[in-house]
Every structure is written in C-alpha cells, then in structure tokens.
Amino acid sequence: MKIDVVLATDDRYARHCGAAVSSLLHNNPKHDISVHILYSDLSEKNRARLSKTVRRFSSRIIYHPLDNALISGLPRGGDHAGITLSTYLRLFMAGVLRDIPKVLYMDCDMIVRHDIGELWQTDISGAALAASPDSVPGPAVKRLGYPVEYEYFAAGLLLINLKYWREQNATALFLDYMEKNRALICAHDQDVLNGVFHKEKIILPVKWNFYVDYAFSTPDIREEYLQQISRCAADPAIVHFEWTNKPWLVPGLPFGEEYFKYARMTPWGAPPRPGKHQKGFLSRSWKWVKDNFLNRATR
C-alpha cells in the first residue's frame, strides 16, 4: 500500500522526529511509505541524519523547505512548552504537496507501534480530515466559541484530505481565522484546525492517538471514548508523548522505553535519560490506568 506521511520539524525536534520515523517504518515494512518533512529551520546535518534513518528501511524521504516568515508572526498563545512554532507548517501543506490527494500527518513526539494500513484506508472522501478526540474538549470548545456538539479533536495525528483542502482554499481559511481570532488561540494550529474544520471532520478511534497523559488522569470526554481508552490502554497503535510528557524529560513514562528503542535506530542515538525523581509516581500512575481502565473494559 502506498502511503504518504508528513512530519514538521526543526533542529530542536529533529532527533525525536527520527525516532518517530523509525517507529513508523520499523512497524510497517509491507507498505510503500514516502516520508515528507516540512521545515523552516533544519540544518543540513540533521537532514542528513534523517535521510540516513529512512534509508535504513529502504524508504524515501522528501524535504519541503518553507520560509520561516510564514510562521514567525503566528499566535504564540498559551504556556505550552511542548509546542514549537514549526507545528504551524502543516497549515501550508495543501500548497506544498500539490499533487498528493491524501496524507497522514503525525507529530514528532509520537511512536507508531502497529500497522497503519487500517488507518490509511479510513474513508475521508467527504471530510477535511480525520482525527482522534482531544482529552480536554470542553474548555477548548468554549474558548473558540463554536457549538459543543462538534467537539474538539487532537491534531497530533491527522489523516488529511488534501484534495478537499485545495478545493476549499484551506490555507487562506486558516490565515483568515488566525487574523480574526488571534486572542482566542492557545493551542497553536490545533485551535486553528478545530476552528475552521470542526464540522468537516471524522473522529478516529483513540488508539490512533493515545495520549500518555491517560495514564495519569481520566479525561473529561464522552463515555464511548473512555471505553476506547480502556480497550487500548495496554496496546495502543500510536502513542503520543503530548505536552511535557516526553520520555527524554520525564522518567518512567508508559511506552517510554519504546521511544528509546527507536531513538537508538537513528544516527543520533538515544538522548540522555532524565533523572529518577518522578519514577515512583509515574509507575504508580501507570498501574492505576491498567487497574482501572483495563479492569473496567472487562467488566
């Protein structure tokens, strides 16, 4: 199956992008995957390392440079240390990937654990995108001011209908939305994507964007999504080390060892491990999610 996967990165996240790509290609050997890298600030050295990572799996990598001026003036609202401005680059995909009708976008702080063929075959012909639900939809919907029944999706993993984006002139819609709603934007382009396409989306199962934060607290989401978390908590398809829950920053995270496994497959190698001061708390938290979510799924 031919699949186009897009990531947006910069020098700060290049090595983590490499780990994400390694996990993707390692667990999807039967697919013909092309990796597209959007960047505005990525050194030649880091591009060479990413290329070497992809060549290890006999896949293709295509670089798409964008002018830093496109994102330098975009909203920086909110105190989200885990986000860089390079995440905004995906808003310009429709004009960059002109001949590609559909792509899978993934954040650099993810690891792919299973085959993505089922995900890729999701029918999005009548939608702008498909995405999993976010863990805190209520406050975001209220802040952005659209009807609560449309919910709020997580933009770290997106199956994107680029043909639809081009037909709707999505890039212009995004820029217009940011100009008119700058004061409302807290979660960078995730807010923009929800603000523009909250009606034109398909909700994916949680297993395709499983937040590590689900190990620490019960999200305030619909019961059907909680049941999905229960069913996939021990074996999600794609894990997202969202916000500041990064395995290179916080010890003992669920699936953190898998991140280091895939990082070792790259020319960067695994980054230094963080201290152990939080390990006990995080181990107890993971025990809690297994005891509660997994037990509840079997009741």
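Here is a short tour, from the whole chain down to single residues.

First, some ground rules. This is a predicted model, in which local features need pLDDT of at least 70, side-chain atom pairs count only at pLDDT 80 or more, and totals for chains, interfaces and linings use all residues. Residues are numbered from 1 along each chain as its sequence is written, and side-chain values use heavy atoms, with hydrogens and water left out.

How far can you trust it? The mean pLDDT (the predictor's confidence in each residue, from 0 to 100) is 90, and 89% of the residues reach 70 or more. Residues 284-299 are another matter, with pLDDT below 50. Where pLDDT is low, the predicted coordinates should not be read in detail.

On to the overall build. The protein has 12 helices and 10 strands; these are DSSP runs numbered from the N terminus, with helices being H or I of at least four residues and strands E of at least two. Of its 299 residues, 57% count as buried, meaning under 20% relative accessible area, while exposed is over 50% and partly exposed is in between (1.4 Å probe, protein chains only). Among contacts (heavy atoms within 4.5 Å) with a separation of 6 or more, 79% join residues 24 or more positions apart.

Now zoom in on helix 1 (residues 14-26) and helix 2 (residues 44-55): they pack at about 10 degrees, with their axes 10 Å apart. Axes here are lines fitted to C-alpha atoms, for helices over the stretch in contact, and angles run from 0 to 180 degrees between N-to-C directions. Helix 1 brings Ala14, Cys17, Gly18, Val21, Ser22 and Leu25 to the contact, and helix 2 brings Asn46, Leu50, Thr53 and Val54.

Next, look at Pro236, in the loop between helix 10 (223-232) and strand 10 (238-240). Is Pro236 buried or exposed? Its relative accessibility is 0%, so Pro236 counts as buried. Leaving aside neighbours within four places in sequence, Pro236 touches Arg113, His114, Lys207, Phe210 and Phe255.

Most residues other than glycine have a negative phi. Ser58, in the loop between helix 2 and strand 3 (60-65), has a positive phi of about 55 degrees and is exposed at 70% relative accessible area. Trp243 also has a positive phi, near 50 degrees, but is partly exposed at 32%.
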